[in-house]
Amino acid sequence: MGTSDGHVVGTTKIVDHGSPAVRWNVAIVAEGYTSGQLAQFHADADAFVHTLSTTPPFDELWCGINVFRIDVASNQSGADDPTACGGSGATAATYFDARFCGDGVTQRLLVVDDSIVHTVVNAQLPQAHVILVMVNSTEYGGSGGGVATFSLAPGASDIGIHETGHTAFGFADEYDYYSDCSEAGHDHHPAGEPAQPNVTLDANRATNKWRDLVAASTAMPTMSNPDCAHCDRRASPVPAGTVGAFEGAHYYRCGAYRPEHNCKMRELGQPFCAVCRRTIRQTLGRFAACCTSWTFGDNTLAAGQSQRWWLWWPGYPGFEVIGVQPGTPGAELRFETPGMQLNPDGSATYFLTVSNVGAATVRYAFRGKAV
Ligand SMILES: [Zn+2]
Ligand SMILES: [Zn+2]
């Protein structure tokens, strides 16, 4: 049970956008990996980072984000899976004592000993803004309290980003059930406006808390549940991405509203809704003043190879390439810019050679900015 069941190995910066003093720092902590499995943790952390970096709005804020991997070896692999929630009864001697069924009734609720996590992260990375504990189990689970947890079930990275929504940005769940759509006591949301930015009891156009994002042509409420005894699974009456007030949220089928028909806080695999995206931008904006740049393309380059590029822009100078950004953590690339050419029609062409001097294939993109 706990710290006698393993040891802390160390910390590695796997996404480096500058000093931790000025960036938003994500700590990814290994749990339930043995010493021999830490290479797998490195690959799992890289996969999460790739998903995070391509998930709006984290993609546009990426230059403001550092990611650190904290390697912790456990004596045994996996997590406890109590039979009380229908689990296998497996137990594992792990450093942070991860277990499913964290509340005694909900198997997917994957929890760890938060105080041990905080002790380790305070020692390894005191500048961490959000702590994600990656649990080496393929069973579905996660939670988003003081630290976010997620397992390696299919869609693991998306689970991790959903749980980050709770832990880092204070989002509520936007779904309309707790255990299932026929449970008692979840027909009407109790009185009292939720504090979270992405759910509300107020569908009034004049007072709703995200009213500035609601078009005058959008009905309020936008969608009401005609049968509070059941979840409303009808299609949206408005195009995807429309902000309004959709009934069914925060574990209740009626009385609580969400901003869009769908959102990553409602269903995995979906994009964040506009209200959630705005909160993320507001929270990370001060770390990402560097992000007035754009990223172009997603390319791969084999070891020892070079690629020549030309980039065209309708105006001169219009833009400049300010870097070549490896999407593969730790990768090393060289680039040269032989020149920028003014064309007779007033457009500009920029020439660039990118070389992979490392030993492995690297994904990369250009970073540039308007001038
Ligand atoms: Zn959730
Ligand atoms: Zn949302």
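So, Thr12: if we skip its neighbours within four places in sequence, Thr12 is in contact with Phe68 and Arg69. Keep in mind that this is a predicted model. Thr12 sits in strand 1, which runs over residues 6-15. One more thing on Thr12: Ala27 is 15 residues away in sequence, and from C-alpha to C-alpha the two are 9.7 Å apart in space.

Okay, on to helix 3, residues 156-169.

How many residues of helix 3 are buried? Twelve of the 14, so to speak, and that makes the helix mostly covered. Among the buried ones are Ile159, Ile161, His162 and Phe169. And what covers them? The list includes helix 1, strand 4, strand 5, strand 6 and helix 4.

Let's look at helix 1 against helix 3. Their axes come within 9 Å and cross at roughly 60 degrees, and the crossing is right-handed. From helix 1 you've got Ala47, Phe48, Thr51 and Leu52, and they meet Ser157, Asp158, Gly160 and Ile161 of helix 3. Sort the residues of that contact by type, and you get four nonpolar, three polar and one charged.

Terms used. Residues are numbered from 1 along each chain as its sequence is written. Chains are lettered from A and ligands numbered from 1 in the order in which they are written. This is a predicted model: local features need pLDDT of at least 70, side-chain atom pairs count only at pLDDT 80 or more; totals for chains, interfaces and linings use all residues. A residue is buried if 20 or more other C-beta atoms lie within 10 Å of its own, exposed if 12 or fewer, and partly exposed in between; C-beta atoms are placed from the backbone. Helices (H or I, at least four residues) and strands (E, at least two) are DSSP runs, numbered from the N terminus. Two residues are in contact if their C-beta atoms, placed from the backbone, lie within 7 Å. Axes are lines fitted to C-alpha atoms, for helices over the stretch in contact, and angles run from 0 to 180 degrees between N-to-C directions. A crossing is left-handed if the near helix is turned anticlockwise from the far one by less than a right angle, and right-handed if clockwise. Ala, Val, Leu, Ile, Met, Phe, Trp, Tyr, Cys and Pro count as nonpolar, Asp, Glu, Lys and Arg as charged, and the others, Gly among them, as polar.
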